[in-house]
Amino acid sequence: MASKAFIPLLVGMMLLTGVCNTIFTKYQDNQCVRNCDDPDPKNRKTFEQPVLQTAQMFVGEVGCWLVVGVMAAYNRLKSRKDPKSNGYQAVDVNDDNDDAASVNSEHPLVSAPAPARKPGVPDGLLRGFGILLLALPAICDILGTTLVNAGLFMVAASIYQMTRGALVLFVGLFSVVFLHRKLHLFQWVSLVGVVAGVAMVGLAGVIWPDTKDALRQAADDAASVDALRAALGVVLIAGAQIFTATQFVLEEFLLERSSIEAIEVVGWEGLFGLAVTLICMLVMHLVVGSTDAGRYGMFDMVEGFRQMFEYKAVWVSSILTMISIGGFNFFGLSVTRSVSATARSTIDSCRTLFIWLVSLGLGWESFKGLQVAGFALLVYFTFLFNGVVQPPFKFLQPEDEVEELLPEEPIEH
């Protein structure tokens, strides 16, 4: 657990890396990668590679093994300097009775310390080949991340982040169905409020869509097309939270039945997720991307890598995204361990606010009153659900203790 003096730094770095992750991804989506010199804006193509962006996210998660390695090296160096950390205990040599007792006794006078678990080597349900079970939440992560990346093409960054607030709805429902948790009346009311907030944010995006190119907005059919794109984007992002909630439930189920550091879970999921994503990319390229119909599309792996490495803005943003997602994982897990899971959810809501402000400042979107109202509902009912604020009416206040629905050390993405 981090010292109290470092907690504000951890919170600040979690906010910074979380905001940068979304901003860098949206910046990457806005980069023109084909027909950029065409006088007709409709023929210009931006970077739309959600599967490749999912792969780069997993590369960032694999980077968590660097942190695990540094921590292991630090602990090994510390154990050499401090013999007590290796289980050494001094024996009182002035008591002759202890010497006699040690000869006749069948039990050692100094109890042996419990063997320390080696970093990266879990026990319990994840022991041995059981570690392959982490491929299940990794697959959910692949599906969820690919869908939200596809949705981010179609909506503003703040609408993307706000729509992800629907996660609490599915986490609550899945916790009741699969983990047999109990929801109180105020939590059910909170879930309805979250749905209303997400619906208002999505409606704001449909009524006042933000186009990627100002010239495209001048086209006659731009309004209707962009409205449909925004609606589809909100549906994709909200639907992706089903897979993210499934991932949360699977992770909690596995973590409760094994002894493993949460940051190691991120590393293992990064390895499995990257392997599965690369295999799927290869298969989909051969089946779809290499055909005439699929050429230049999201499954054209050759075109995707060409776009990433040929354009400086794309590959630089890819590197920054990998660094930011790795940092967000590390600082987020440090915050949840040092404070609580509810604090993580509260801070994540603040992250949404900062993303909205940065997007407004960069001119990526315009101010929408309905979006602000939806965000306010989303934040209030999320806080109410997590117990940050108390229910406003007495009949909503629970009589018994409220059970925590999110895991104590949720995996950050």
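In this predicted model, Thr25 touches Gln53, Asn149, Leu152 and Thr321, where a contact means heavy atoms within 4.5 Å and residues up to four places away in sequence are not counted. Thr25 lies in helix H1 (residues 7-29); helices here are DSSP runs of H or I with at least four residues, numbered from the N terminus. With a relative accessibility of 8%, Thr25 counts as buried, since buried means under 20% relative accessible area, exposed over 50%, and partly exposed in between (1.4 Å probe, protein chains only).

Residues are numbered from 1 along each chain as its sequence is written. Because the model is predicted, local features need pLDDT of at least 70 and side-chain atom pairs count only at pLDDT 80 or more, while totals for chains, interfaces and linings use all residues; side-chain values use heavy atoms, with hydrogens and water left out.

Ala138 belongs to helix H5 (residues 135-152). When neighbours within four places in sequence are left aside, Ala138 is in contact with Phe58, Glu269, Phe272 and Gly273. Ala138 and Leu274 are separated by 136 residues in sequence, and their C-alpha atoms are 8.8 Å apart in space.

The next feature is a pair of packed helices. Two packed helices are described by the angle between their axes and the distance between the axes. Helix H3 (residues 64-81) packs with helix H11 (residues 262-289) at an angle of about 140°, and their axes are 8 Å apart. The axes are lines fitted to C-alpha atoms, for helices over the stretch in contact, and the angles run from 0 to 180 degrees between N-to-C directions. H3 and H11 are therefore oblique to each other, because angles under 35 degrees count as roughly parallel, over 145 as roughly antiparallel, 65 to 115 as roughly perpendicular and the rest as oblique. The crossing of H3 and H11 is left-handed, a term used if the near helix is turned anticlockwise from the far one by less than a right angle; clockwise gives right-handed. On the H3 side the contact is made by Cys64, Trp65, Val67 and Val68, and on the H11 side by Ile263, Glu264, Val266, Gly267, Trp268 and Leu271. These contact residues of H3 and H11 divide into eight nonpolar, one polar and one charged. In this grouping Ala, Val, Leu, Ile, Met, Phe, Trp, Tyr, Cys and Pro count as nonpolar, Asp, Glu, Lys and Arg as charged, and the others, Gly among them, as polar.

Side chains of opposite charge can pair when their charged atoms come close. A salt bridge is a side-chain nitrogen of Lys or Arg within 4 Å of a carboxyl oxygen of Asp or Glu, and by this rule the count comes to three. One of these joins the side chains of Arg295 and Asp292, at 3.3 Å from N to O. Arg295 is partly exposed at 41% relative accessibility, whereas Asp292 is exposed at 66%.

Arg306 forms a salt bridge with Glu303, with the closest N and O atoms 2.7 Å apart. Arg306 and Glu303 are three residues apart in helix H12 (residues 301-310), which means that about one helical turn separates them. Arg306 is partly exposed at 29% relative accessibility, while Glu303 is buried at 6%. The side chains of Glu310 and Arg306 also meet in a salt bridge (2.6 Å, N to O). Glu310 is partly exposed, with 48% relative accessibility. Through shared partners, salt bridges join Glu303, Arg306 and Glu310 into one network.

Note on methods:
Helix = DSSP H or I, 4+ residues; strand = E, 2+ residues; numbered from the N terminus.
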